[in-house]
Amino acid sequence: MVKNSFISAIPQEEKEKNKGSTEFQILNFTKRIRRLTSHLELHKKDYLSQRGLRKILGKRQRLLTYLSNKNRVRYKELIGQLDIREPKTR
């Protein structure tokens, strides 16, 4: 498992004062998703972790939708920094 493969997109000073911001929450969910994904590559039958991963993915997706509706420029910058694909629209 690779723990520190993700470089923070938000500076340390900004983290301390904006822990509740949408971008910070998306950043934390992305870190957890990447950590769980690497865990599941080793432990393929860990179904509880798979369920947790799906829940985190849904939460991050809802936050990304909220951010894209509120501020499209910040949304585009964030998905560019985090290297996240833009979700498909129906």
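Q: Which residues are exposed on the other side of H4?
A: Val73, Gly80 and Gln81 are exposed there. This is a predicted model. Exposed means over 50% relative accessible area.

Q: Which residues of H4 are buried?
A: Tyr75, Leu78, Ile79 and Leu82 are the buried residues of H4. Each is called buried because its relative accessible area is under 20%.

Q: What do the buried residues of H4 pack against?
A: They pack against H2 and H3.

Q: What is found at the start of H4?
A: A side-chain oxygen of Asn71 comes to within 3.3 Å of the backbone nitrogen of Val73.

Q: Which residue follows H4, and what is its phi?
A: Asp83 follows H4. Its phi is positive, near 60°.

Q: Why is the pair Arg74 and Glu23 called a salt bridge?
A: The N to O distance between their side chains is 2.4 Å. The cut-off for a side-chain nitrogen of Arg and a carboxyl oxygen of Glu is 4 Å. The value of 2.4 Å is within 4 Å, so the pair counts as a salt bridge.

Q: What makes this pair a link between distant parts of the chain?
A: Arg74 is in helix H4, residues 72-82. Glu23 is in helix H2, residues 22-42.

Q: How many salt bridges does a search of the whole structure find?
A: The search finds one.

Q: Why is Glu23 called buried?
A: Glu23 has a relative accessibility of 16%. Buried means under 20%. Glu23 is under that limit, so it counts as buried.

Q: Why is Arg74 called partly exposed?
A: Arg74 has a relative accessible area of 35%.

Q: Where is Gln50, and why is it called partly exposed?
A: Gln50 is in helix H3. Its relative accessible area is 23%. That value is also between 20% and 50%, so Gln50 is partly exposed.

Q: What is Gln50 in contact with, leaving aside its neighbours within four places in sequence?
A: Gln50 is in contact with Leu40 and Lys44.

Q: What makes the pair Gln50 and Lys44 a polar contact?
A: A polar atom of the Gln50 side chain lies 2.9 Å from the backbone oxygen of Lys44. The distance limit for a polar contact is 3.5 Å. The value of 2.9 Å is within it, so the pair meets that limit.

Q: How far is Gln50 from His39, in sequence and in space?
A: They are eleven residues apart in sequence. In space they are 9.8 Å apart, C-alpha to C-alpha.

Q: Which residues touch the most other members of the largest nonpolar core?
A: Ile26 and Leu82 do, in a core of 16 residues. H2, helix H3 (47-70) and H4 each give two or more residues to this core. H2 gives the most, with six.

Q: What pattern does the chain follow along the sequence?
A: The pattern is α-α-α-α. The chain has four helices and zero strands.

Q: How much of the chain counts as buried?
A: Of its 90 residues, 30% count as buried.

Conventions. Residues numbered from 1 in each chain as written. Predicted model: local features only at pLDDT ≥ 70, side-chain atom pairs only at ≥ 80, totals over all residues. Heavy atoms only, no water. Buried < 20%, exposed > 50% of the residue type's maximum accessible area, 1.4 Å probe, protein only. Core = buried A, V, L, I, M, F, W, Y, C linked by side-chain atoms within 4.5 Å. Contact = heavy atoms within 4.5 Å. Polar contact = N/O pair within 3.5 Å; in protein donor to acceptor, adjacent residues only side chain to side chain.
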